[in-house]
Amino acid sequence: MIKQWNNFTIPYIKSFRGIRLPRILVLTKDDRTFKLFNDQITAFFQGEVTTLSSKEHENDEEADLILLSNKELLLDTYPSDKVLIARRTINVARLEKLISLPQGSECLVINNLADTASETIELLENFGFKFKFFPYFPGLKKYPKIDIAIVPEAIEMVPKDIKNIINIGLRPLDFSTLIEIALILNINIDRANIQSARYIQEIISLSRQLSYSFNQVSHLNQQLDAILNTVHDGILATDAGKNIIKINNSAKKILGINSSEKEILGRNIADILPKLSINSASTKDQVSGENHVISLNDRKIIINKSSFEVEQKNIGEVTAFQDVTRIQQLEREIRKKIQSKGFSPKYSVGDIIGQSPKIRDIQLVMHKIAKTDRTVLILGENGTGKELFAHSVHQLSLRKNGPFIPVNFAGLPDSLAESELFGYEEGTFTGAVRGGKQGLFELAHNGTIFLDEIGDAPKSLQTLLLRVLQEKQVMRVGGRSIIPVDVRVIAATNKDLKKQVEEGSFREDLYYRLFVLPLRIPSLKERREDIPDLINHFIRNFSSAIPVITSEVMDTLIYYDWPGNVRELVSVVQYMTTVMENNIVTMEDLPEQFRYEEKPPPESDELVVRLVKEWDLVDFYTILTCLLEAKNERKSIGRGKIVSYCSDKGILLSDQQVRHRMEILRDLGLIYSGTKGQGSRISQLGLSTYPIIEKTMRQNELYFQL
């Protein structure tokens, strides 16, 4: 078996106007096998795939999967990552004649290849048939002269001297192969349980046929046990008096029965398992038809009953049941496959760049709320990185191994929003997917759904979102049943939802359902000290070499208002690293918003008035002088050195007082204060303003020989 699916990608595009279905190239030795495989695949996937025969395909590249009936059809030219060799089984409905054969009978097992003949023998032995099997295939010259031939449909291959021919039909695809095809092609397999139930019904049908021979065939129970014990689902049979006459190993395992079969057979089902002795007409747990859900030993079990009738007289029942835990395990495996196809977060906490106090504070809050399961509302301007924080919350949560489904309402047409979020049933729309479609809330089960730009959600959809948040349930468009979902909701918006509530464009009850754990992301101008770190991070992503950025450029970038926030900064870094020369970024390498839309510095008189109003002008002048001297020495200095410098000049300021005055200078754009370890330096605006401050002090006799 070739299993190389890690890099397997499929161009699988669905829309309401057209469908690009996955294509399976089915290669078999003859047309009958192709027709059988085609019918199985069509019935299982119900139109969600296209099958191609060897006559219908032009090249191997147009197929998303190449399914071979046996390994002898494998060619070196086939792409190894697209090949799946089918596992095949026996059609249990065609085994009636075999069961009537005496034990030890000699049988010639016929197939078109030596390997497939041997495979068929192995399957029959696994079903418990104690015969002497001999393989035969066309071209074999030496074989024992035997009266019985077992053949899969191709009767023409039987040697002419054999009269007793038992046709067991073509070997269909094993159920596990159909599941593997679904996982490889990323196709929803909600119908797996239906197919499993059909398989059980075939066994039940076979059991009905065998019921006439219970008293004539001594080894019937042994062979029937072998068949029933190959099924993973529980099978339990009772007679007309509700006494147990058959139980398989899976049934004992699911029901937690430790007793031997001899201790169970003959006992009334009501005495051992009263919950299985149900009346389908009166049960409150009825699902549909003869299917029921019951609770047993803290587990949920789906059961199905079928009656045996002879001459319109009920002679017993067969109860088939499944442990819902197994179904849930299969569901988790499917969701892991879905997650590997793209429904997983792209970012983590490590992608959040910056050490400013505001970023450290927001990360501290984020770590706390991530550990809960409550709804999160991320607020912030466009381009601040709200999506990055949403991904990080999921990565830090207990749902990190579940799917992460992002939805952007700004790009979601109103006409498609409801069906995309909640799914739809078959026949709801013209051209819709056969069998219906899961919505994004269903896909996010046991994970997180990220509702980006929630402020753009249409009013009609807000009502449905409120119901999901309240009830943890969804109903598909055109559906009649409620589907429970276990989903954590993270919403984000750049709009003022409170104002929208007041204007009537956003539901107040939905607002308070979302506004549980708010997380406000600061704008870039609120955390200017992170800009150098962000620039260095983006340069490493977009440039093969680390360029030299002049201090004038860095000051300009730091004190720019950044209306587009981090998203705009990314674009600026991409631009300047593209147009720079000699690996140096100068003012000429900045995009046009810095050349034509620069804000003129405040008038000198205005700056002086603001500084005097804030504090003593001498203090500010002394701090600027210290930074100017450090610049001339090409240094950045810390606050401690500034306190010491002021003291040497006769200006006694505490560390706290110096910090307060430096914050004022920074807010006016006269200095740049870096993060811890980076120090502070005078800006271009500070350099041009310094002589004006000095002149003002002289004119007002505030200047001293410092």
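We'll visit a few salt bridges, then a pair of helices.

Before you click: this is a predicted model, where local features need pLDDT of at least 70 and side-chain atom pairs count only at pLDDT 80 or more, while totals for chains, interfaces and linings use all residues. Residues are numbered from 1 along each chain as its sequence is written, and side-chain values use heavy atoms, with hydrogens and water left out.

**Stop 1.** Select Arg 32 and Glu 156, whose side chains meet in a salt bridge (2.6 Å, N to O). That term means a side-chain nitrogen of Lys or Arg within 4 Å of a carboxyl oxygen of Asp or Glu. Arg 32 sits in helix H1 and Glu 156 in the loop between strands S9 and S10, so the pair ties together parts 124 residues apart in sequence. (Helices are DSSP runs of H or I, at least four residues, and strands are runs of E, at least two, numbered from the N terminus.)

**Stop 2.** Now pick Lys 242 and Glu 317, another salt bridge (3.0 Å, N to O). Which one is buried, with a relative accessible area of 14%? Glu 317 is, whereas Lys 242 is partly exposed at 31%. Buried means under 20% relative accessible area, exposed over 50%, and partly exposed in between (1.4 Å probe, protein chains only).

**Stop 3.** Jump to H23 (residues 617-632) and H25 (residues 655-667), which pack at about 80 degrees with their axes 10 Å apart. The axes are lines fitted to C-alpha atoms over the stretch in contact, and angles run from 0 to 180 degrees between N-to-C directions.
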